[in-house]
Amino acid sequence: PKRYRRPVTRFSDGHQTQEQMWKMFAKISRRHADIPILGKVMLARAMAITKSKHSSIGPGWSLPNSYKDTSSAVDSAAWQEARANEFKNFHDMKVWQECISPDRKVRILPIAEVYDVKHGKDGKPIKRKYRICAKGFLQVKGVDFFSSCAPVIDADVLRMCYAVAAELQLEVEQFDFTAAFLNAPSDVEVYTELPPGYVPKMKAPKGKRILLRLLKAIYGVRQAARLFYKLLSADLIQLGFSKSRSSPCLYQKYYGSKKNIALLVIHVDDGSYFAKHREIILKDLETLSRKCKLSHEPLNWHVGLRTSRNEESIHVSCDAYIDHCAKRFGIVDKKPRTLPAVKAPESYDGNSVCKKRFQQVLGCLMYAANSCRPDICVITNMLASMLANPSEDHLEMAENTLSYLYKTKHLGLLFKRKGLEGRSDCAIIKQMKLTGYFDSDWAGDPDCRHSRSGNLLYFNDCLIHWKSKLQKLVSFSVFQSETISGCQLYKCTKFAKKIVADILGVKEGPRDIL
């Protein structure tokens with residue numbers, strides 16, 4: 001007869017507890033006691049998993065994994081306060097309503113807790129964040145939600161706003177919405193389980209249980225970001241802003257007899273407000289805060305990038321992020337590099353033994369290359385083609401590039417004022433020119449003989465777009481490869497001209513802008 005096995009107790013998401021994983025590893029190590037190496041490896045993995053229930057971030061700071069772990073954390077009182085603040089936000093904003101499970105069959109979403117620590121511009125922890133999230137991946141389209149698409153600001157558009165702000169000497173205020181998604185009303189009927197540690201006020205009758213019906217969209221729900229964007233967009237239009245037709249997260253309006261311009265960009269629950277008069281900024285943000293609670297301060301740290309400015313320029317860098325990556329991968333004590341790379345990577349046919357670490361390092365390089373470090377764009381793009389089967393030489397090249405970033409972490413993008421003159425902001429923006437450069441290496445890839453395109457786009461002599469990309473076609477001549485590269489630049493330039501037209505409030509951008 002088949003032997004009966006006791007079922008394994010698991011979490012609601014299917015993962016085993018740490019104690020169960022320890023028993024499993026210990027059992028395997030005892031079973032293979034005659035193989036010392038395997039036993040040591042399994043024991044080391046078990047110790048690594050059960051080493052600590054919460055990871056340490058710094059003196060007096062910890063990062064729990066669950067509600068039970070908060071009681072044994074060094075900063076238990078602080079985490080309890082963070083949980084209390086989150087529950088208070090849910091109560092004040094009337095996010096959910098207790099109810100008895102309905103008679104009809106409904107989908108009940110499990111609850112997941114998220115513990116995180118927010119870091120400041122110097123990389124040090126400054127705030128504990130606790131979020132109650134629904135496991136929205138269980139939702140079914142057409143039943144629990146209808147659309148989940150929510151736009152974010154394009155990086156090129158944000159850089160164009162920085163260039164405009166530097167030339168017009170605009171004041172820039174960054175703002176952040178508190179519990180952003182909790183402001184958006186839910187558009188469908190959604191039920192969730194009770195969060196850990198939550199004590200319901202209702203008592204369930206026999207055969208029933210207490211559920212929470214969502215009146216607002218919470219984190220994790222598939223349509224939460226879209227609902228908040230629609231709510232915020234309607235509020236901004238009521239303040240007199242006009243939405244860009246080419247970038248739905250860019251808003252503009254003119255004030256003061258239409259001589260002064262105000263720009264506002266949105267990235268999920270973060271935003272930046274550009275205007276020449278600070279009182280206009282504070283007035284609009286105060287009106288906006290009556291509907292959605294927010295905090296604001298002068299621009300210094302936006303979308304994960306350090307932003308410093310003076311009267312003549314704006315400087316954007318990611319030094320804190322580079323510091324974090326260097327410490328994570330042990331690059332701090334490595335010999336610093338003066339160049340990102342000295343040769344192009346070659347393909348590898350063997351079995352990769354460093355695939356995971358290579359992918360992690362390359363992911364960090366890609367973020368830096370796409371945000372504010374165009375100097376590593378080419379080598380990062382070349383290394384990305386080796387992502388499926390990297391060699392140790394590829395890993396060393398990626399780490400050397402990260403070492404170069406660490407040595408030059410103070411470098412970044414500079415948006416400088418040229419001193420253009422005009423009667424109004426609109427007249428000055430019309431004088432700001434777009435300048436593009438493109439090039440290609442004919443059959444530069446030794447494996448597939450494809451050419452590599454490279455292009456740069458400047459707005460008022462400020463770099464706003466860069467790209468290095470392997471062409472999809474095999475070019476038969478230098479002229480063909482250069483034509484393909486120029487076509488790629490033209491597409492970016494066409495988009496930039498549409499953004500300028502939206503900022504000016506006209507249908508087409510100036511013809512002599514390029």
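Mentor: Let's begin with Asp447, which is exposed, with a relative accessible area of 52%. Here buried means under 20% relative accessible area, exposed over 50%, and partly exposed in between, using a 1.4 Å probe and protein chains only. This is a predicted model, where local features need pLDDT of at least 70, side-chain atom pairs count only at pLDDT 80 or more, and totals for chains, interfaces and linings use all residues. Residues are numbered from 1 along each chain as its sequence is written, and side-chain values use heavy atoms, with hydrogens and water left out.

Asp447 sits in the loop between strand E19 (434-441) and strand E20 (452-459); strands are DSSP runs of at least two residues, numbered from the N terminus. Together with Glu346, Asp349, Glu392, Asp393 and Glu396, Asp447 forms a negative surface patch. Patch members have over 30% relative accessible area and no salt bridge, and like charges are joined within 9 Å. A salt bridge is a side-chain nitrogen of Lys or Arg within 4 Å of a carboxyl oxygen of Asp or Glu. Asp and Glu count as negative, Lys and Arg as positive, while His and the chain ends are not counted.

Lys467 lies in strand E21 (residues 462-470) and is partly exposed, with a relative accessible area of 33%.

How values were computed:
Helix = DSSP H or I, 4+ residues; strand = E, 2+ residues; numbered from the N terminus. Patch = residues over 30% accessible without salt bridge, like charges linked within 9 Å, V, L, I, M, F, W, Y side chains within 5 Å. Areas by Shrake-Rupley, 256 points an atom, 1.4 Å probe, with all protein chains shown as cover. Charge placed at Lys NZ, Arg CZ, Asp CG, Glu CD.
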